Amino acid sequence: MTIYRLNKVPDKTYLSLLELMGLSLVTPQSARAIVQFFPVEGMYKNIEIKQGTQIAAVVSEADDIIFETEKNIRVCNSKLVSCVNKYKENWTQNIEDDKITPFYLFDSKNEIEHALYVMSESFKYLENEHYIQLTIIPIQEINSVNSELVKHVFWEFWDGTKWIQLKTSYSVNNIREKDNTVYFHGGIPIQPLEVNGKDGFWVRGILSDIPLDKNALYAKGVMLKTIFGGQGFAPDMCLKNYEAKYEILDMNTSFRMFSDNPQYNECFYFCADDIFSNSNAKTEISYIFSETYIGKEDNKNASFVYEYWNGNDWVKLGSNNSFIDGTFDLKQSGTVTFVIPENISSVNVNNEDHLWIRVRLVTKDFATGGEYVKDDKENWVWKFSSKVQTPEIAKIRIKYEDSPRAPQKCSTFSNFAWKNIPAFSNEKLEKEICLFDVNTSKLPSLYLGFDNSLAAGENSLYFRLDESVNQLEKNVFEAFGKDEFIHNLNTRMTNLCWEYYNGKKWAVLSVSDGTDFFHQSGFVEMIIPEDMSPLEEFGQKLYWIRVTLLAGGFESRPFIKDVLMNAVYAKNEKTYENEIIGSGTGAPGQSLFVAHKDILKGSVLYVNEGSIPSANELEIIRKDSGTEPYFEKGDEVWVRYTEVENFYSSTAFSRHYVIDYSCGKILFGDGARGGNPPKGKFNILMKCYHTGGGTVGNVARNTLQGLIQSIPFISGCTNPFPAEGGADMETVDSLKGRAAGDFKSLQRAVTCEDFQWLARKASSNVGRAYCLKKRNSKNEVCTVIIPVRPAGVKYDLKLVPSRELLRRVKEFLNERKIVGTPICVQAPVFKEFNITLAITFKSDVIDEGRTKVRIEENLRRNFDCLDGDEGSGWEFGKEVNIGMIMKQLEKINDILSINFIELFDLDANVAVEKILLREEELPFLNNVVIEKR
C-alpha cells in the first residue's frame with residue numbers, strides 16, 4: 001500500500017500544479033434521454049406530470065439508474081394517426097400500422113386522385129362492339145386544347161376485379177370531332193359495381209394533368225349518347241299469330257314470319273324493351289332473308305302495315321313517324337326505319353307484357369282470282385286464288401340512333417372527398433360546377449392529424465431527425481421548385497409557418513422551434529387555442545396541424561425518423577433538496593461532505609450568516625450567482641454561495657466554495673481567498689444538488705420503464721431512443737494531453753486550435769476535435785467531434801458522436817467564442833474503402849489465420865481516426881494510397897511477398913490508386929480481403 005501511495009505522488013503533484021494554474025479535471029456528466037408517457041385507454045382528461053418525476057432503468061446492474069424529467073409535461077389523450085407530406089398535387093402517408101415510417105420532410109411521391117364517376121345503363125352496351133359518346137358541357141367556348149377537359153383525362157371501366165383503362169378516341173365512324181367529347185370503344189367485359197352507395201355500370205375519368213386553363217375544370221353537365229356498331233340487336237322475342245294462336249319463333253335458326261298459308265290479318269310480333277323505350281329515337285329494323293328463300297311473283301301485290309300499341313289501340317306507323325319501308329313489303333332483304341312514338345306503351349301479347357311492334361298482313365286482293373268463300377263453320381272468309389309465299393327470315397336485327405341523355409348518377413372523388421352532382425343527372429345545366437378540387441398552392445407542407453383535439457394550452461411534439469446524413473453543401477431546395485421561392489445558399493433563410501384548423505380556416509400557431517427549422521432533433525413547443533376543430537383531409541376527419549415551407553431551404557433534406565407526443569427530456573440525475581450538510585466552525589478551509597456521492601455540477605448552497613451582508617458584498621454575491629443574494633426565514637439570513645473551480649480569483653468577501661467531485665467533498669475558503677462560513681449550528685444548507693452521471697447512464701432504448709411512483713391514468717413510459725451524453729470523470733492522461741492547449745487558448749475560442757482544445761474540455765467523451773480551416777456555406781466555424789472509443793469496441797466500428805455530445809460541445813464553445821461568431825459542431829464525414837490483398841506467406845508460418853488477423857488489425861489501426869497515423873489519429877483530408885498500405889504490410893515479418901493490392905473506393909464504386917479526401921473527411925476501412933498465393 002505504501003508503494004501504491006508513493007506511485008500516486010507524481011500524479012497528485014501534477015494535478016496540484018495544474019490546479020495552481022487554473023486547470024482541473026472535467027467533471028462527470030449525466031446522460032440525457034427522451035422519455036415518452038402512455039395514458040391509459042379511454043382517459044378523459046389531461047394529466048400533469050411534474051418536473052423531477054423519477055424513472056428507473058430496467059437493467060441487470062445492482063445499482064439503480066435513475067432519470068428525472070427536466071420540466072413539466074401534460075399527457076393528453078390524443079394520438080397521432082396521420083402524418084402526410086403534401087406538395088402541389090402529390091402526397092405521401094408516413095404512418096403505417098400506427099407507427100411513423102421514416103421519411104424525408106415534404107417528400108411527396110403519390111399523385112392526389114381526381115376522378116369523375118359516371119353511371120348509366122347505356123354502358124352495358126360496351127360489352128359488344130358499340131360506342132358511347134360522352135360530352136362534358138363546358139362553361140365557356142372551347143378555343144384550345146387546354147380548354148377541353150377530356151384531353152386531360154384518361155378513362156377506366158370495372159371488369160369485376162379491378163379498374164382497366166378504356167380505349168377511347170375523339171371521333172368514330174367518320175363522325176367529325178366535337179368539342180370536349182370523347183368516344184368509348186366497346187367489346188369490353190364491363191361489370192356493375194357499387195360506387196358511393198349506388199350500384200350500376202360505372203365509368204370513371206382520372207385527371208392525368210392539370211389544364212392550364214382552370215375554367216376547363218368547370219362544367220354545366222355531362223351528356224351520353226350510344227352509337228351502335230355492327231348489325232344491331234336481336235329482338236327480345238318474336239311471335240307469329242295465325243288462326244287465333246301464337247307461336248314463339250326460334251331466332252337462332254331461319255324462320256317464317258307467317259303461317260305456311262297466310263291469311264288476312266295474320267301478324268308478326270317482335271319486342272325490344274330497352275330500345276323501344278327510347279321515344280323519338282330513330283330506329284332501324286334489318287331483315288336478312290334466308291339464302292334458300294326464293295320470292296314468288298305471286299307476292300307482288302301483298303301489303304303489310306307496322307303498328308304499335310298506344311295504350312288504347314294498335315296504331316299504324318306512318319309518315320308522322322318518318323316510316324320508310326326499304327324491304328318493299330317484305331319482298332327483299334332490307335331495312336325499315338321509323339321514329340319511336342312518344343306514346344308507345346306496354347301490352348300483353350301471349351301473356352308477355354312488353355313494348356311490341358307488329359307487322360300485319362292487310363292486303364285482300366294481293367293476287368289474281370281472290371274471292372270470299374264459306375269455311376267449315378259456314379263463315380265467309382277471303383280465299384286467294386294463288387298461294388302467298390311467307391318470307392323466310394335468317395336474321396332480324398334492330399338498331400337505333402340514341403338521343404343524348406344525362407347519366408343516371410354522377411359523382412366526383414377529388415382531393416380525398418366524394419361529391420354527388422345530382423344536377424348532372426337531372427339535366428339541369430344552368431349551374432356551373434367545379435369537377436375537381438385541385439390544389440393551387442405551390443408550397444410544400446407536412447400535415448399531422450390527431451384523433452382528438454390537443455389540450456388547449458402548452459403542447460409539444462418531438463421530431464427525431466437522422467443527423468448522421470451528411471450531404472454537405474448540397475441544396476435540395478430545388479426539389480420544391482427553385483423558381484418559386486427566393487433562396488440564398490449562403491444564408492439560412494428557412495421560413496416555416498405552423499397552423500391549425502379552427503373550424504373556419506387555417507390559423508397561425510405560436511411555436512417555439514427547438515429543431516432549428518428541422519435542422520436537428522428537438523421539440524416544437526406550441527400554444528394550442530381552444531377552438532381547434534376537426535377537418536376532413538386526405539380522407540380522414542381529424543384534428544390537423546400543418547407546417548408549410550414559405551421560403552428558404554435546407555443544406556440537406558431533413559430525414560424524420562419519428563414524431564412523438566407526450567414526451568420530455570430526462571437526465572440521469574437524482575435530486576436532493578434542503579439537506580443540512582453541517583455546521584460552520586468559523587475556521588479557515590472548512591470542508592464537509594454531502595450525504596450522497598457522485599455529485600454533479602449545478603448545486604445550490606446557502607449559509608445562515610445571521611445578518612444581511614453589506615451593500616458591496618451583496619453586489620459581489622449577486623454578480624457571482626446571478627440570483628438574489630439571500631433569503632430570510634424568521635431570524636435567519638441565508639446567504640447564497642457560488643461554486644468555483646478554485647479560490648485563486650476569490651477575495652475575502654467572495655462567498656465561494658469548491659467541490660471535489662471524486663469524493664463529494666465541499667471546501668470553503670480560508671478567509672483571504674474565499675470567505676469561510678461563520679460559526680453556527682446546522683447553518684450550512686445544500687439547497688439543491690444532483691447525483692448520478694457517468695457512462696453507466698447511457699442505457700439502451702426501451703429500458704426507462706420503471707416509474708418510481710405510480711401516476712393516475714398513466715399506464716407506463718419508455719425511452720424510444722438510447723440515452724446519450726453520459727461521461728465519467730476525466731482521466732489524468734486526458735488532462736495532461738489538453739493542458740498545453742488550455743494555456744494557449746486562455747478559455748477563449750478564437751483560432752482553430754482554440755476551438756479544438758476547448759472542445760476537448762467540454763466533455764470527457766470527446767476523443768478528438770478538429771476545426772475546419774474554412775467556414776461552411778452558412779459562414780459558420782465548423783468543429784468536427786470524434787468521441788472516445790467505448791471499452792471493448794474495435795477499429796471496425798465508425799466513431800460517431802451522439803446528439804447530446806454535439807449539443808454539449810456546441811453549448812460549451814458558444815460561451816467562449818467571440819461574440820457574433822456563428823459556429824457549427826458536427827460529426828465526421830467518413831469516406832469508405834476496401835482493401836484486397838494477394839499475399840505469399842513464409843514457409844515457416846504455422847497459423848496463417850492469426851497472421852491475417854494481425855494484418856487486418858494493423859491496417860485498421862493505421863487508418864483509424866483516433867489511433868491511426870502513428871497514434872495521433874489520421875489527419876483530416878489526408879489521402880490514402882497504395883504506398884501507405886505497402887508500408888504497413890512491410891511491418892509484418894510473416895509475409896514473403898505481396899503479389900497484388902487493390903484499393904476500392906466504395907463511394908465511387910471503382911478501384912483506384914489513391915483516395916482523395918476533402919478537409920472534413922476521414923477514411924474508414926470497411927473491409928479487408930486477404931487471398932493466399
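Predicted model: local features only at pLDDT ≥ 70, side-chain atom pairs only at ≥ 80, totals over all residues.

**Charges over rings.** I count a charge as sitting over a ring if NZ of Lys or CZ of Arg is within 6 Å of the ring centre and within 35 degrees of the ring normal. Lys 798 meets that for Phe 924: it lies over the ring face, at 5.6 Å from the ring centre. I also noted Arg 464, which lies over the face of Phe 721 at 4.1 Å from the ring centre.

**Aromatic pairs.** How many aromatic pairs does a search of the whole structure find? The search returns 45. I picked out two of them to look at in detail.

The first entry is Phe 463 with Phe 518. Their ring centres are 5.1 Å apart and the planes stand at 85°, so I log the pair as edge-to-face. Where do the two residues lie? Phe 463 is in strand S42 (residues 457-465), while Phe 518 is in the loop between strand S45 (510-513) and strand S46 (522-528). The pair therefore ties together parts that are 55 residues apart in sequence. I checked burial too, and both Phe 463 and Phe 518 are buried.

Phe 833 and Phe 863 are both buried.

**Cysteines.** I searched the whole structure for disulfides and got 0. For Cys 76, the nearest cysteine sulfur belongs to Cys 83 and is 16 Å away, so Cys 76 is in no disulfide, given a cut-off of 2.5 Å. Is Cys 76 buried or exposed? Its relative accessible area is 2%, so I file Cys 76 as buried. Cys 865 is in no disulfide either; the nearest cysteine sulfur is that of Cys 771, 18 Å away. Cys 865 is buried as well, with a relative accessible area of 4%.

**His 185.** I gave this histidine its own entry. His 185 is located in strand S17 (residues 181-185). It counts as buried because its relative accessibility is 15%, and the threshold for buried is under 20%. Which side chain does the side chain of His 185 make a polar contact with? The partner is the side chain of Ser 169, at 2.8 Å. Leaving aside neighbours within four places in sequence, I listed the residues in contact with His 185: Leu 126, His 130, Tyr 131, Leu 166, Lys 167, Thr 168, Ser 169 and Val 172.

**Salt bridges.** The whole-structure search finds 39 of these.

Lys 71 and Glu 525 meet through their side chains at 2.6 Å, N to O. Lys 71 is partly exposed at 37% relative accessible area, and Glu 525 is partly exposed at 32%.

Next I looked at Arg 204 and Glu 113, whose side chains form a salt bridge at 3.9 Å, N to O. Arg 204 lies in strand S20 (residues 202-207) and Glu 113 in the loop between strand S11 (110-111) and strand S12 (114-119), so the pair ties together parts 91 residues apart in sequence. Arg 204 counts as buried, at 11% relative accessibility, whereas Glu 113 is partly exposed, at 31%.

I have Arg 622 as partly exposed at 34% and Glu 619 as partly exposed at 47%. Last, the network: salt bridges that share partners join Arg 32, Glu 70, Glu 804, Arg 807, Arg 808 and Glu 811.

Key. Residues numbered from 1 in each chain as written. Heavy atoms only, no water. Buried < 20%, exposed > 50% of the residue type's maximum accessible area, 1.4 Å probe, protein only. Phe/Tyr/Trp six-rings, centres within 6.5 Å; stacked < 30°, edge-to-face > 60°. Helix = DSSP H or I, 4+ residues; strand = E, 2+ residues; numbered from the N terminus. Polar contact = N/O pair within 3.5 Å; in protein donor to acceptor, adjacent residues only side chain to side chain. Contact = heavy atoms within 4.5 Å. Salt bridge = Lys/Arg side-chain N within 4 Å of Asp/Glu carboxyl O.
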